[in-house]
Amino acid sequence: DVVVMVMLERNVVRFAADASPRPWILRTTQVFRRDGDRWLRLHRHADPLITRRALAETLALLPNADA
């Protein structure tokens, strides 16, 4: 009576600041529970799949603590 689904969602998106289409791939986990003849989604979590980068490159993306 409980189902857990793990999947990749593949989309093409356009952000307001950049009109060019970009791939947007999400790794999603969803949990459903049967309620009579219906399935209710209890939980959904999604993470973008990204290319790994060095810690210094990741830190450079964060806002400056002094700002």
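A residue is called buried when its relative accessible area is under 20%, exposed when over 50%, and partly exposed in between, with a 1.4 Å probe and protein chains only. By this criterion Arg10, with a relative accessible area of 60%, is exposed.

The structure is a predicted model, in which local features need pLDDT of at least 70 and side-chain atom pairs count only at pLDDT 80 or more, while totals for chains, interfaces and linings use all residues. Residues are numbered from 1 along each chain as its sequence is written, and side-chain values use heavy atoms, with hydrogens and water left out.

The protein contains 3 strands and 1 helix, where helices (H or I, at least four residues) and strands (E, at least two) are DSSP runs numbered from the N terminus. Their order along the sequence is β-β-β-α.

In overall dimensions, the C-alpha trace spans about 55 × 30 × 25 Å along its principal axes. The radius of gyration of the protein is 18 Å, whereas a compact globule of 67 residues would have a value near 11 Å; the quantity is taken over C-alpha atoms, and the globule rule is 2.2 Å times the number of residues to the power 0.38. Of the 67 residues, 7% count as buried. The accessible surface comes to about 6000 Å², with 56% of it belonging to carbon and sulfur atoms; such areas come from the Shrake-Rupley method with a 1.4 Å probe, and for residues only the protein chains shown count as cover. Among contacts (heavy atoms within 4.5 Å), residues 24 or more positions apart account for 25% of those with a separation of 6 or more.

Strand β1 covers residues 2-15 and includes Val2. Val2 is exposed, at a relative accessible area of 59%. Together with Val4 and Val6, Val2 makes a nonpolar surface patch of about 300 Å². Patch residues have over 30% relative accessible area and no salt bridge, and nonpolar side chains (Val, Leu, Ile, Met, Phe, Trp, Tyr) are joined within 5 Å, like charges within 9 Å; a salt bridge is a side-chain nitrogen of Lys or Arg within 4 Å of a carboxyl oxygen of Asp or Glu.

Arg10 also lies in strand β1. Leaving aside residues up to four places away in sequence, Arg10 touches Trp24 and Ile25. From Arg10 to Pro23 the C-alpha distance is 7.3 Å, across 13 residues of sequence.

Thr28 belongs to strand β2, residues 18-35. Thr28 counts as buried because its relative accessibility is 0%. Beyond residues up to four places away in sequence, Thr28 touches Met5, Val6, Met7, Glu9, Arg44, His45 and Ala46.
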